[in-house]
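Here are a few notes to go with your first look at this one. Have the viewer open as you read, and start with the ligand.

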Amino acid sequence: MSGADPDAGAEVFTGSFTQQEPIPEAAIEAALAVLRHGRLHRYNTAAGEIAETALLEEEFAAFTGARYCLAVASGGYALGAALRALGVGPGDRVLTNAFTLAPVPGAIAALGAIPVFVETTADLTIDLDDLAARAPGARALLLSHMRGHICDMARLMALCDAAGLPVIEDCAHTMGAHWAGRHSGRWGAMGCYSTQTYKHMNSGEGGLVVSDDPALMARAILLSGSYMLYPRHRAAPPPEAFAEAKYVTPNVSGRMDNLRAAILRPQLADLPRQCGRWNALYRIVEEGLAGTPGIALIARPAAEGFVASSFQFRLPGWTAAKVGAFLARAAVRGVELKWFGAPEPQGFTSTHRSWRYAPAQALPRTDRVMAELIDMRLPLTFSRQDAAQVARILRAEIGAVHQADEADVAEFVPPAAD
Ligand SMILES: *Cc1c(COP(=O)(O)O)cnc(C)c1O
């Protein structure tokens, strides 16, 4: 094995791992209609008109089976609004997954609350035993379904209910997914979603919050910047729910506008079909990698109705040098991977070690999992042939590095991420 050059004649993948599909024509038409009438602000409506934003909230509530829905400016804003609606404030200890993305501990820290990380299983979900151990004294759990992996939600809710711990779900990677037939985001007190470009619906930036709790949702609506126009919301609690809250809930403006809502409504109508397409790509990669020596695939429980817009696998026992060699060789063959074991944060990828606004914690199980963890996007611009080719390349390069001596791989360094 020499250098990171692919063997002569080896196939190279030429697709882009960051290219999403274009916005559907129906959404472009809807966006143009909003641009032409100019009423982009959600409360700027003509007589008899129902704002696109209010319609999106109604449709997303119906999609998830929630009583109430609020559309906001981003997924991170949704998390912050949910925490504030629960009354989380300075000094509160909020549990969250150690394996997640920066906006999750960021939403906690932004309130002056203290992120407390919970360990990660080899299947990339929250460690429920560690959660039980850390529950005493915590104010809430901000549960992140990171990369679409869903833990045993019945067990988690039983545990949190017994501990009196309210649960907010971060569903940035589980829009359209289920556990035991119940939508992700519908198990806890509030569910938060993102419609940022890399998630399951694309409005550039955007977020959604769902809940069945009138008091929580009234506060979230007021927080988002509804002024006294909350009766214009449709998927909202009745005016009584706002009677007290309207005097004591600060405005932290973060509304969604009608342009984004117009872009999202046709995408929501098509979401089940898109979820099916993602899962078809996922199963092709999974099949292509099954049985590869040196690899551990992530188990997908029968109760998990996942939506796989990305693919993860582990390389158990691999040293950093070997992982680095593999990443470099895959990159040369056009396959862009992320590694959560890198010492420095890169691109979108960071770990608890670089979230220094949170108290440092020893998280040996999570560190071990992340040192072995490889992460890959699966955008819908990939064809089934693309997915099969990516799997072939991964399989070949895992094989090449797995069999190599440690001395041969020491020269490789991980490629820079975007
Ligand atoms: C993207 C993301 C968020 C927040 O979404 P934004 O819309 O980018 O603020 C939250 N959690 C996870 C795990 C994410 O990947």
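1. Sorted by class, the shell around the ligand is made up of nine polar, five nonpolar and two charged residues. Keep in mind that this is a predicted model.

2. Which residues come closest to the ligand? Of the 16 residues that surround it, the closest are Gly 75, Gly 76, His 173, Ser 194 and Lys 199.

3. In His 173, a side-chain N or O atom is 2.6 Å from an oxygen atom of the ligand. Gly 75 uses its backbone instead: an N or O atom there lies 2.8 Å from a ligand oxygen. For Lys 199, the distance from a side-chain N or O atom to an oxygen atom of the ligand is 3.0 Å.

4. How much of the ligand does the protein bury? On its own the ligand exposes 380 Å², and 92% of that is buried by the protein.

5. Now for the site as a whole. The ligand sits in the largest pocket. Two elements, helix 3 (75-86) and helix 4 (103-109), each give two or more residues to the shell around the ligand.

6. Zooming out, the chain has 14 helices and 14 strands. Its radius of gyration is 22 Å, close to the 22 Å that the globule rule gives for 418 residues, so the chain is as compact as a globular protein of that length.

Technical notes: Residues numbered from 1 in each chain as written. Predicted model: local features only at pLDDT ≥ 70, side-chain atom pairs only at ≥ 80, totals over all residues. Heavy atoms only, no water. Near = heavy atom within 4 Å. Polar contact = N/O pair within 3.5 Å; in protein donor to acceptor, adjacent residues only side chain to side chain. Areas by Shrake-Rupley, 256 points an atom, 1.4 Å probe, with all protein chains shown as cover. 1 Å grid on protein atoms, 1.4 Å probe; cavity = no way out; pocket = protein on both sides within 12 Å on 5 of 7 lines; lining within 4 Å. Sits in = over half its atoms within 2 Å of the grid points. Helix = DSSP H or I, 4+ residues; strand = E, 2+ residues; numbered from the N terminus. Nonpolar A, V, L, I, M, F, W, Y, C, P; charged D, E, K, R; others polar. Rg over C-alpha atoms; globule rule 2.2 N^0.38 Å.
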